[in-house]
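Me: I'd like to learn how to read the inside of a protein model. Can you walk me through one?

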Amino acid sequence: MADVLMPEDAGSSSKRRGGRAARKALRAAPLTDDKRAIRPGLEGGRYQPLTGRDIEKIHQAALDVLEQIGLADAIPSCRDLVLAAGGSLSPQGRLLFPRALVEDTIAKAARNFPLHAQDPRHDMEPWGTKVYFGTAGAAVHIVDPRTGAYRESTAADLYDMARMADALDNIHFFQRTVVCRDLPDPLEMDTNTCYGAISGTSKHVGTSWVTPENLAVSMQMLHAVAGGEKKWRERPFVSMSCCFVVPPLKFAEDACRTLELGVREGMPILLLAAGQAGATSPAALAGAVVQEVAEVLAGLVYVNLISPGHPCIFGTWPFVSDLRTGAMSGGSGEQALLMSACAQMARFYDLCGGVTAGMSDSKVPDAQAGYEKGYNHALVANSGANLVYESAGMHASLLGACLESMVIDNDSIGGALRTVAGIAVDDESISVEAMRDVCTQGPGHFLGHAQTLQRMQSEYAYPLVGCRASPKEWIEQGSPTIIDRAEKKTREILSSHFPRHISDGLDAELRQRFPIRLDRARMSPS
């Protein structure tokens with residue numbers, strides 16, 4: 001094959017070596033984000049499963065649901081706010097939202113707000129069709145990719161996954177991935193989840209709290225890390241993932257109380273509605289979208305009545321059931337359709353949209369996980385979803401999390417982002433002059449051409465652990481599998497990457513004030 005591709009002149013060998021050396025040197029040189037083939041905030045939106053007419057029909061149906069069916073179990077403070085703004089109660093006591101109130105809220109809602117990080121380099125601008133990938137999931141098990149064993153997740157696992165997200169370029173934010181099963185006390189669990197996440201990464205963090213009392217404790221910690229309440233309010237680097245509804249169409253009491261405190265504390269809110277089609281939302285996919293849109297619009301009204309213009313993420317997360325068994329199917333093609341449609345609805349409202357993509361029904365990182373994650377990543381990213389949650393490390397429809405899968409998924413996300421970036425077509429990229437140079441004056445190939453070197457990183461993305469070696473080279477390397485390579489990279493990161501954006505002195509202060517259970521010795525190289 002090499003003889004066919006390369007010229008036969010006596011200097012071809014040295015030219016090959018020179019071209020290879022130049023390419024290696026170029027790859028070693030870091031590029032600024034704006035010069036890279038893939039980067040945070042690329043603009044999607046080319047994939048649109050819904051037509052304009054579909055979107056309008058879903059919107060009108062959601063308004064009908066809110067006006068005619070409403071939501072049950074509103075806590076008194078929520079009910080009073082909505083009633084004072086023109087809402088009403090149905091004969092069954094359900095809270096009804098008039099069309100005008102909902103549409104006025106949409107018109108006045110916060111737009112184009114950044115999501116801050118502790119390190120400003122990682123700030124995100126989740127509006128328009130800009131796409132960012134991150135984690136989430138709250139799995140209760142850690143998966144061993146080699147044996148398939150499942151064990152309960154711990155606070156140390158959560159911290160390790162935050163460190164992985166911090167080190168992996170294509171994971172742009174970190175929302176908690178696992179439940180700290182070693183901390184049965186709810187206050188300690190919530191406190192250590194927040195602590196482990198903000199200690200493990202300087203990227204934007206999302207998490208949740210069981211009660212407002214637990215959130216109040218974490219707010220003191222976040223103020224301390226930010227350098228005071230004023231600085232926190234200027235740059236809130238943690239958002240609240242709030243399941244304020246229990247589908248179908250009921251408010252969740254403790255979550256609503258916690259939401260109210262989060263709004264007053266200046267924390268961005270992920271308004272999360274996660275019905276499961278065929279179980280807690282309609283089996284018809286369009287109906288599943290309608291229900292989640294209606295529920296999140298109700299949350300948007302609620303938040304804006306507490307604090308007009310408060311930053312909210314439009315978190316429509318309709319999940320899928322396998323209707324043969326009733327089990328959740330997070331890796332299905334229907335899941336990709338639903339989340340892409342929800343991204344379109346957020347864009348219709350011109351609101352920051354958060355959806356999910358990258359869960360797998362497979363229990364381990366295998367071929368099934370690869371194909372399920374691949375098409376979900378690619379389609380949802382190309383729909384222009386602003387924030388793509390649950391995109392890395394998740395298995396068994398969110399019951400299991402795997403550190404090594406985060407590395408593999410980082411590659412999958414990178415490939416998906418490359419499809420989002422598209423093909424640049426301009427006078428230089430159409431390459432007529434490059435062809436003229438190579439074919440009439442050059443060696444008859446493009447391997448060492450200036451354009452090839454120039455475009456090597458700006459137009460091409462490369463996997464971190466994906467194998468592109470020839471069969472001969474692969475065998476000589478010992479025939480490593482993707483699991484082998486992911487395990488090696490995971491060990492490298494976890495043995496060397498210990499973020500220190502929270503100083504040792506501040507950490508010691510936090511440990512004196514709050515019930516931190518993660519051993520500080522574990523947060524340094526052994």
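This is a predicted model: local features need pLDDT of at least 70, side-chain atom pairs count only at pLDDT 80 or more; totals for chains, interfaces and linings use all residues.

Me: Let's start with the core. Which residues touch the most other members of the largest nonpolar core?

Reply: Phe97, Phe251 and Leu297 do, in a core of 138 residues. Helix H11, spanning residues 285–306, gives the most to this core, with 12 residues. Apart from it there's another core of 5 residues, including Ala155, Val179, Cys180 and Leu183.

Me: What is Leu297 in contact with, leaving aside its neighbours within four places in sequence?

Reply: With those set aside, Leu297 contacts Ala62, Leu66, Val102, Ile106, Phe314 and Tyr349.

Me: Now Asn214. Why does Asn214 count as buried?

Reply: Buried means under 20% relative accessible area. Asn214 has 8% relative accessibility, so Asn214 counts as buried. You'll find Asn214 in helix H8, residues 212–226. Not counting residues up to four places away in sequence, Asn214 touches Pro186, Leu187, Asp190 and Trp209.

Me: And the empty space? How many cavities of 30 Å³ or more are there?

Reply: The general idea is that rolling a probe the size of a water molecule over the atoms shows where empty space is left. Here the count is 2 cavities of 30 Å³ or more.

Me: Which classes of residue line each one?

Reply: Around the largest cavity there are 5 nonpolar, 2 polar and 2 charged residues; Phe113, Trp127 and Asp350 are among them.

Definitions and conventions
Residues are numbered from 1 along each chain as its sequence is written. Side-chain values use heavy atoms; hydrogens and water are left out. A nonpolar core is a set of buried Ala, Val, Leu, Ile, Met, Phe, Trp, Tyr and Cys residues joined through side-chain atoms within 4.5 Å. Buried means under 20% relative accessible area, exposed over 50%, partly exposed in between (1.4 Å probe, protein chains only). Helices (H or I, at least four residues) and strands (E, at least two) are DSSP runs, numbered from the N terminus. Contact means heavy atoms within 4.5 Å. On a 1 Å grid over the protein atoms alone, a cavity is a set of points where a 1.4 Å probe fits but cannot get out, and a pocket is an open set with protein on both sides within 12 Å along at least five of seven lines; lining residues have an atom within 4 Å of a point. Grid points are joined across faces, edges and corners, and a volume is the space filled by probe spheres set on the points. Ala, Val, Leu, Ile, Met, Phe, Trp, Tyr, Cys and Pro count as nonpolar, Asp, Glu, Lys and Arg as charged, and the others, Gly among them, as polar.
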